[in-house]
Amino acid sequence: MAQAADSDAGSDPRPGLNEGLGRLYRALPMLLVALATFHWASRPSVPVLVRGMGLMSPPDARRGFYARSAGQVQSLDVRVGESVQRGQRLVLLNRIDQNAPGGGAAASGPQVISARLQAVRQQLQVLGVQARAFDDQQRALEVRRRQIETTNKPVTSQLNALEELRRDEVIARYSPLWVGAQDLVLRNKADISSVDAALAQLRAQRASLRAQAAELSAQRAALESEEFSQEVFSPVDGRVLDLSVLPGQPVAPGQKSGSIGLPPRQEGRLAVVL
């Protein structure tokens with residue numbers, strides 16, 4: 001019993017402290033690694049340089065421009081920071097792309113539409129030349145008709161006088177004077193009828209030309225509308241602040257393509273920041 005008591009008295013009286021120190025020593029390497037990682041993350045050894053450029057403009061001095069129809073951006077005609085005028089083309093679309101959001105049936109590209117529009121305009125010019133030629137012919141025929149009528153009036157009066165003389169048996173029934181006057185009157189009437197037929201034909205051709213011109217004008221209006229829908233124009237004078245689309249990017253109707261800053265009210269109010 002005395003030996004057992006001595007053994008208990010010689011043991012460590014602080015076993016918990018030794019165990020805690022052991023755990024601390026085991027956790028110390030992980031703590032050091034964590035501190036080193038935090039230090040590296042807070043102060044990276046790889047330098048990072050960020051550069052940017054933009055145009056400062058008040059919110060109420062910005063105007064957006066938008067796509068009128070679905071399609072694919074074919075070209076951007078301006079760059080950020082460039083000055084533009086009202087009505088200047090900014091973006092050209094191509095409506096051939098079937099993957100464009102909101103796109104429907106296939107549409108012709110800008111070059112095809114321009115070629116078709118040029119062909120229609122040329123046809124309208126040809127019809128205009130033909131119509132002017134018909135008008136000239138009609139005026140010439142109308143002048144000819146009036147001349148024949150003017151020439152026929154005295155001959156008709158002479159023929160009426162000869163008819164009275166025939167009834168009174170003053171001249172022979174088939175007097176050469178009467179026969180000549182009658183032949184001239186009939187020939188003039190035949191000429192007037194021929195002129196009237198030519199005028200009627202010209203009016204019919206003129207009406208056909210008007211119908212063709214109306215159809216071509218409708219085609220021209222449709223092509224111009226389609227061509228206009230594939231172009232995005234500047235709504236105001238100003239400077240391009242940003243572009244929201246890239247060449248080849250599909251766009252939907254009404255999608256914003258960028259924004260324009262109105263000219264500053266005072267010189268030097270527009271600044272470039274880096």
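1. A quick definition to start: a residue counts as buried under 20% relative accessible area, as exposed over 50%, and as partly exposed in between. Please keep in mind that this is a predicted model. Arg145, with a relative accessible area of 24%, is therefore partly exposed. Its salt-bridge partner is Glu149, and the closest N and O atoms are 2.2 Å apart. Both residues sit in helix 3, 4 residues apart, which is about one turn of the helix. Glu149 is partly exposed too, at 30%.

2. The whole structure has 8 salt bridges. One of them links the side chains of Arg206 and Asp135, at 3.1 Å from N to O. Arg206 belongs to helix 4 (residues 176-229) and Asp135 to helix 3, so this pair ties together parts that are 71 residues apart in sequence. Arg206 is buried at 19%, and Asp135 is partly exposed at 24%.

3. Asn152 is also worth a look while you are in helix 3 (residues 110-167). Its relative accessible area is 7%, so Asn152 is buried. Beyond its neighbours within four places in sequence, Asn152 is in contact with Leu184, Val185, Asn188 and Lys189.

4. On to the strands. Strand 3 (residues 71-76) runs antiparallel to strand 8 (residues 250-251), with 2 bridges between them. Strand 3 is also joined to strand 5 (residues 89-94), antiparallel, by 4 bridges. Gln72 takes part in both pairings: it stands opposite Pro250 in strand 8, and its bridge partner in strand 5 is Asn94.

5. There is also an open sheet of 4 strands in the order 2-9-7-4, with antiparallel pairing. Its edges are strand 2 (62-66) and strand 4 (83-84), each of which pairs on one side only. Strand 7 (residues 238-243) and strand 9 (residues 256-261) are joined by 4 bridges, and Asp242 has Ser259 in strand 9 as its bridge partner.

6. Last, the surface: Leu28, Leu31, Leu32 and Leu35 form a nonpolar patch with about 380 Å² of accessible area together. Among them, Leu31 lies in helix 2 (residues 15-42) and is partly exposed at 48%.

How values were computed
Residues numbered from 1 in each chain as written. Predicted model: local features only at pLDDT ≥ 70, side-chain atom pairs only at ≥ 80, totals over all residues. Heavy atoms only, no water. Buried < 20%, exposed > 50% of the residue type's maximum accessible area, 1.4 Å probe, protein only. Contact = heavy atoms within 4.5 Å. Pairing = 2+ DSSP bridges. Patch = residues over 30% accessible without salt bridge, like charges linked within 9 Å, V, L, I, M, F, W, Y side chains within 5 Å. Areas by Shrake-Rupley, 256 points an atom, 1.4 Å probe, with all protein chains shown as cover. Salt bridge = Lys/Arg side-chain N within 4 Å of Asp/Glu carboxyl O.
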